[in-house]
2 protein chains.
Amino acid sequence: MHVTGLAVQKLFGKQNGNESAFARPDLAEPAAKPLPNDAADKADGMMSCLICPANDLTLCTGAKPSESRIDWAADTMELASSTQLIPARRTICHPKEWSDTIPVICQGWAASSITLLDGRRQILAFLLPGDLVSTVSLLEPMSGRTVEAVTDVTCRKFSRADLKAFVFQRPNLLDKLSKTWLDERSQADQLALDLGRRTADERIARLILNVVERLAKRGLVKGAAMEFPLRQRHVADATGLTPVHVSKVLGEFQRADLIDISRRTLTILNEPELRRVADWR
Amino acid sequence: MHVTGLAVQKLFGKQNGNESAFARPDLAEPAAKPLPNDAADKADGMMSCLICPANDLTLCTGAKPSESRIDWAADTMELASSTQLIPARRTICHPKEWSDTIPVICQGWAASSITLLDGRRQILAFLLPGDLVSTVSLLEPMSGRTVEAVTDVTCRKFSRADLKAFVFQRPNLLDKLSKTWLDERSQADQLALDLGRRTADERIARLILNVVERLAKRGLVKGAAMEFPLRQRHVADATGLTPVHVSKVLGEFQRADLIDISRRTLTILNEPELRRVADWR
DNA sequence: CGGGTGGTTGATACTTATCAATGGCTGTGG
DNA sequence: CCACAGCCATTGATAAGTATCAACCACCCG
């Protein structure tokens, strides 16, 4: 039974199951720095919604084709998002904090997870730029899930009420909503299948392929190489394995020249074989 | 790596991954007997929607309080459901067959699952009377999931188009829809957590408690006893374990006087302890 | 530097799967 | 009515897969 971050919890007093095991106990929350909206857009190369990588329900693609993207962007601004810069390993959203606000990742990677009281943790999804945590969170407050930054993340938090109203004014968005919902559902089903019925090798290979596919959709793959900021700890928590075991499996994969991971960069060396290992499609 | 029903598949020619491992190869589909609508309601004690056990999104509870239940029932009839009687272990809905029609369980237990080509199978949910397979299936055609009867099942298949229109005419139903969606999502999250991070004992205990809770909502628990038609094979496929191991764990539970299962009846003998084992709440 | 974080590796333990044999039960066809 | 075929559950012996523990090294950043 693998427990994440228990050592840290033991060291720092009472077991607080809801506190992210990643959050550094020496740095009190809230530590995210709010930025003025316009400043943020130019400050550090963050591109705002203008080139927000399109995902199926990205708000940025919600603009009717006839609308200029600028107008849409302005539109989004109206929604009183507060833009935040969140450093790696900090919690973006606490399990209880899902009341009025929903975060959208603009830049960087995040992980959405549930944690048990004793520290066991399951990552349900990695969030890439443009991702909503879950389409449900649009309509109803969600709870129990922690969202935390894998890399430094810039994200916007929208008021749910506003966003909901916004979406409901645009019928074509609603349609996308239900498609995204379907997609989400089948992702969840696949996750259960993976965790319940697949071997460690398969799970890890599938995780990699899954991420690659999503990165490709966003144009973030150069040749066969791409940024891969996940720690083995993340891979472990996403696949229901132990970091040690993940290390061994990834080691095998590298020795077999399926992939290469170094300096936070992933290169796919033998995709067909990797797919075979993953039992993909 | 546990594989469901592989022997059967080997025996009967080509591996057909989409064919339910439970379906008996000697009985060709479609084997469900369609019944005339009115006949069905009286025939074998099936109660139609009149006493369809209420679940959060049961169509029967969708009737406005002012409406008499009879009116509602009539309403439902309009929807051109075809009522079917499906014997235990037969497939209700095939992975590909999710085009226009969606099944609702009226009586009996069913299981919704995904199956891999090599026969490994993960049950995603057990369906009790009043259950929809998934709220998404209302809006978009779903695929990849198999629904099969655990006990003899009576179910209705509705046309999605009709049902969708029906729901959209009733705003209060829409509201329930989004709540049910949230619920479904969190069920899926819990499933992933269970499969990824919990021990066999915990998973099985939780499955039992989960089922008990749902049965209780439907008034199907008498004292501490209730019908429990699941085979150990079902429990195994729902928990990502092996039937053999399930047998051993259930054996322990019984020897520890936590539960008793005999003649398809489950009795909870020591609920507090069972909850403790399940790490419940 | 020095501390925290991450990754690797080997030895070992534990959980769960696999295999195999047995017996009970149920429905079916002669 | 019996015999038989399938299914189901149980049990024990053994194997495989993964976790746990511990030590070590390699970073990176302050």
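Reply: Sorted by class, the surface near DNA strand C has six nonpolar, seven polar and five charged residues. In this sorting, Ala, Val, Leu, Ile, Met, Phe, Trp, Tyr, Cys and Pro count as nonpolar, Asp, Glu, Lys and Arg as charged, and the others, Gly among them, as polar. The model is a predicted one, in which local features need pLDDT of at least 70 and side-chain atom pairs count only at pLDDT 80 or more, whereas totals for chains, interfaces and linings use all residues. Residues are numbered from 1 along each chain as its sequence is written, while chains are lettered from A and ligands numbered from 1 in the order in which they are written.

In total, 18 residues surround DNA strand C, and the closest are B:M1, B:H2, B:A200, B:T242 and B:H245. A residue is near a strand if its C-beta atom, placed from the backbone, lies within 6 Å of it. At least two residues of this surface come from each of α8 (232–239) and α9 of chain A and α9 of chain B. The element that gives the most is α9(A), with five residues. Such element names refer to DSSP runs numbered from the N terminus: helices (H or I) have at least four residues and strands (E) at least two.

DNA strand D has a surface of its own. It is surrounded by 19 residues, the closest being A:H2, A:A200, A:T242, A:H245 and B:Q232. Two or more residues are given to this surface by α9 (243–255) of chain A and by α8 (232–239) and α9 (243–255) of chain B. Here α9(B) gives the most, with six residues. By class, the surface near DNA strand D has seven nonpolar, seven polar and five charged residues.

The relation between the two chains comes next. Two copies of a chain are related by a rotation about an axis and a shift along it. Chain B is superposed on chain A by a rotation of 180 degrees with 0.0 Å of shift along the axis, at an RMSD of 0.0 Å. That is the relation of a two-fold axis. The same surface serves both copies, since 100% of the contact residues of chain B recur in chain A. The superposition is by least squares on the C-alpha atoms of residues with pLDDT of at least 70 in both copies.

The chains also touch one another: the contact takes 28 residues from chain B and 29 residues from chain A. Two residues are in contact if their C-beta atoms, placed from the backbone, lie within 7 Å. On the side of chain B that touches chain A, β6 (121–127), α4 (136–139) and α6 (171–197) each supply at least two residues. The largest share of that side, 14 residues, comes from α6(B). Its classes are 14 nonpolar, eight polar and six charged residues.

Within chain A, there is a division into domain 1 (6–191) and domain 2 (199–278), with bounds from an automatic or database domain assignment. Twelve residues of domain 1 are in contact with eleven residues of domain 2. On the domain 1 side of this contact, β5 (110–115) and β6 (121–127) each supply at least two residues.

Taken as a whole, chain A has ten helices and eleven strands. Buried residues make up 41% of its 281 residues. A residue is buried if 20 or more other C-beta atoms, placed from the backbone, lie within 10 Å of its own, exposed if 12 or fewer, and partly exposed in between. One residue beyond helix α9 is A:D257, in the loop between α9 and β10 (259–262) of chain A. A:D257 counts as exposed because it has 10 C-beta neighbours inside 10 Å. Its phi is near 55 degrees, a positive value in a residue other than glycine.

Chain A averages a pLDDT of 77, and 73% of the residues score at least 70; pLDDT is the predictor's confidence in each residue, from 0 to 100. Over residues 6–48 of chain A the pLDDT is below 50, and this stretch has 55 contacts in the model beyond near neighbours in sequence. Where pLDDT is low, the predicted coordinates should not be read in detail.
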